[in-house]
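Take a look at the model below.

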Amino acid sequence: MTYSRLLLPLAFAALLSPAALASTYTVRSGDTLSAISRATGVDAGTLVRLNGLSSSTIQVGQRLNIGGTTVSAPTRAAAPAASVGGGAFVRTAAARFLGVRYLLGGSGRNGLDCSSFTQSVFRSMGIGIPRTAASQWNSGRAVSRRDLRSGDLVFFNTMGRTASHVGLYVGDGMMANANSYRGRTVIEPLFANAYWASRYNGARRVMN
């Protein structure tokens with residue numbers, strides 16, 4: 001076998017290597033990580049990991065590694081049912097709003113209440129949910145306590161009625177919420193906290 005013929009299989013293998021197959025997506029105006037995930041078929045959590053992102057914020061013109069075949073920007077169309085994956089992606093989105101002071105009726109950086117916190121986190125991921133805890137309780141589908149996963153909305157009876165408080169489950173038995181007692185948005189234990197455990201109503205999943 002000649003030296004050149006020996007090199008052919010090696011060259012072919014190199015073309016099929018992960019490094020050779022890696023490709024990029026160029027961010028366009030209006031893009032979100034969740035929209036790019038739907039367009040490319042790459043899990044949003046994987047996008048975060050591949051690109052070393054510290055938040056869900058992306059910039060127009062930014063080239064994202066999608067780890068596969070090059071994909072052009074999608075044609076804009078009505079968004080299907082929300083589908084975002086990756087617990088790290090959800091935690092990163094929630095972290096953007098941690099430490100904001102609690103303000104009943106607040107919906108901006110000057111203050112958030114429980115449902116505007118969850119609404120803001122989902123909006124940052126390109127997902128729209130209703131404004132109030134009661135209306136969020138009627139969104140998505142119910143999930144059992146044992147099947148909770150990062151991104152599920154968790155609800156509590158804190159005022160003598162169902163779903164008077166809402167938080168966001170972020171995995172590992174923890175939830176993020178705008179806590180009026182602490183006066184700010186925090187991450188804290190869910191069922192390991194006797195107060196929340198005794199007032200738990202249930203959970204809803206709005207992310208597939």
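What follows treats the sheet and then the charged pairs.

This is a predicted model: local features need pLDDT of at least 70, side-chain atom pairs count only at pLDDT 80 or more, and totals for chains, interfaces and linings use all residues. Residues are numbered from 1 along each chain as its sequence is written, and side-chain values use heavy atoms, with hydrogens and water left out.

## Sheet

Helices (H or I, at least four residues) and strands (E, at least two) are DSSP runs, numbered from the N terminus. Two strands pair if DSSP finds at least two bridges between them.

Six strands build an open sheet. Their order is β5-β10-β6-β7-β8-β9, with antiparallel pairing. The edges are β5 (141-143) and β9 (184-189). Each has a single partner strand, so one side of each is left without a neighbour in the sheet. From one strand to the next, the twist averages 35°. Axes here are lines fitted to C-alpha atoms, for helices over the stretch in contact, and angles run from 0 to 180 degrees between N-to-C directions.

β7 (residues 165-171) and β8 (residues 174-179) run antiparallel and are joined by three bridges. L168 stands opposite A176 in β8.

Helix α6 (residues 114-124) lies across β6 (153-156), β7, β8 and β9. Contact means heavy atoms within 4.5 Å. The helix runs at about 40° to β7.

## Salt bridges

How many salt bridges does a search of the whole structure find? The search gives three. The criterion is a side-chain nitrogen of Lys or Arg within 4 Å of a carboxyl oxygen of Asp or Glu.

| Pair | N to O distance |
|---|---|
| D113 and R131 | 3.1 Å |
| R205 and D152 | 2.8 Å |
| E188 and R182 | 3.8 Å |

For accessibility, buried means under 20% relative accessible area, exposed over 50%, and partly exposed in between (1.4 Å probe, protein chains only).

D113 and R131 meet in a salt bridge. This pair links distant parts of the chain, 18 residues apart. D113 sits in the loop between β4 (111-112) and α6, and R131 in the loop between α6 and α7 (133-137). D113 counts as buried because its relative accessibility is 8%. R131, at 27%, counts as partly exposed.

R205 and D152 form another salt bridge. They lie 53 residues apart: R205 in strand β10 (residues 200-205), D152 in the loop between β5 and β6. R205 is buried at 10% relative accessibility. D152 is buried at 1%.

E188 and R182 also pair. E188 is buried, with a relative accessible area of 2%. R182 is partly exposed at 40%.
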